[in-house]
Amino acid sequence: MFRSNRKNGGLHLNKKSTIFTATHGVMTAEVGVITGELELVTTCDDDGLLTLSITYVGAEEWYTLPGGEYRLNDPRDHEVVHRMLASVLERP
């Protein structure tokens, strides 16, 4: 997992990434279920807006996890939410 902090339009973005193996698959909004070695990236801004993206490791095309807009009440919860998502998506 890595962290990358950058500015975007005046908002501070915090980015987290985890590589895992999805044996039962992960549902995406664009192409349905994907399986195998995947990378989950979550990005959270100062307002708590959370973006969830997933790709096959080494691929260029990114997909989104289904659902509406995700927002954390406290952006400091980003690390915990990211770890929870990665654990749930990897679960056999």
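A salt bridge is here a side-chain nitrogen of Lys or Arg within 4 Å of a carboxyl oxygen of Asp or Glu. The model is predicted, so local features need pLDDT of at least 70 and side-chain atom pairs count only at pLDDT 80 or more, while totals for chains, interfaces and linings use all residues. Residues are numbered from 1 along each chain as its sequence is written, and side-chain values use heavy atoms, with hydrogens and water left out.

**View A. Salt bridge between K16 and E79.**
A search of the whole structure finds four salt bridges. In one of them, the side chains of K16 and E79 meet with an N to O distance of 3.4 Å. K16 lies in strand β2 and E79 in helix α1, so this pair ties together parts that are 63 residues apart in sequence. Helices (H or I, at least four residues) and strands (E, at least two) are DSSP runs, numbered from the N terminus. Both K16 and E79 are buried, where buried means under 20% relative accessible area, exposed over 50%, and partly exposed in between (1.4 Å probe, protein chains only).

R71 forms a salt bridge with E69, and the closest N and O atoms are 3.3 Å apart. R71 counts as partly exposed because its relative accessibility is 45%. E69 has a relative accessible area of 62% and is therefore exposed. A salt bridge also joins the side chains of R76 and D74, at 2.6 Å from N to O. R76 is exposed, at 69% relative accessible area, whereas D74 is partly exposed at 22%.

Strand β3 (residues 32–45) pairs with strand β4 (residues 49–56) in the antiparallel sense over seven bridges. Two strands are taken to pair if DSSP finds at least two bridges between them. The two strands form a hairpin with three residues between them, and G48 in the turn has a positive phi of about 90°. Along the pairing, V41 stands opposite S53 in β4, and T43 stands opposite T51 in β4.

T43 belongs to β3 and is buried, with a relative accessible area of 15%. Not counting residues up to four places away in sequence, T43 touches L13, N14, K15, L49, L50, T51 and H78; contact means heavy atoms within 4.5 Å. S53 is found in β4 and counts as buried because its relative accessibility is 18%. With neighbours within four places in sequence left aside, S53 is in contact with E39, L40, V41, W62 and Y63.

Strand β5 (residues 63–64) pairs with β4 in the antiparallel sense over two bridges. I54 has Y63 in β5 as its bridge partner. The hairpin of β4 and β5 has six residues between the strands, and G58 there takes a positive phi near 90°. Strand β6 (residues 70–71) also pairs with β4 in the antiparallel sense, over two bridges. In this pairing, L50 stands opposite Y70 in β6.

**View F. The largest nonpolar core.**
A nonpolar core is a set of buried Ala, Val, Leu, Ile, Met, Phe, Trp, Tyr and Cys residues joined through side-chain atoms within 4.5 Å. The largest one has 16 residues, of which F20, V26, L38, I54, L65 and L89 touch the most other members. At least two residues of this core come from each of β2 (11–28), β3, β4 and α1 (78–90). β3 supplies the largest share, four residues. L38 touches T18, I19, F20, A22, V26, I54, T55, Y56 and V57, not counting residues up to four places away in sequence. In soluble globular proteins, nonpolar side chains tend to be buried together.
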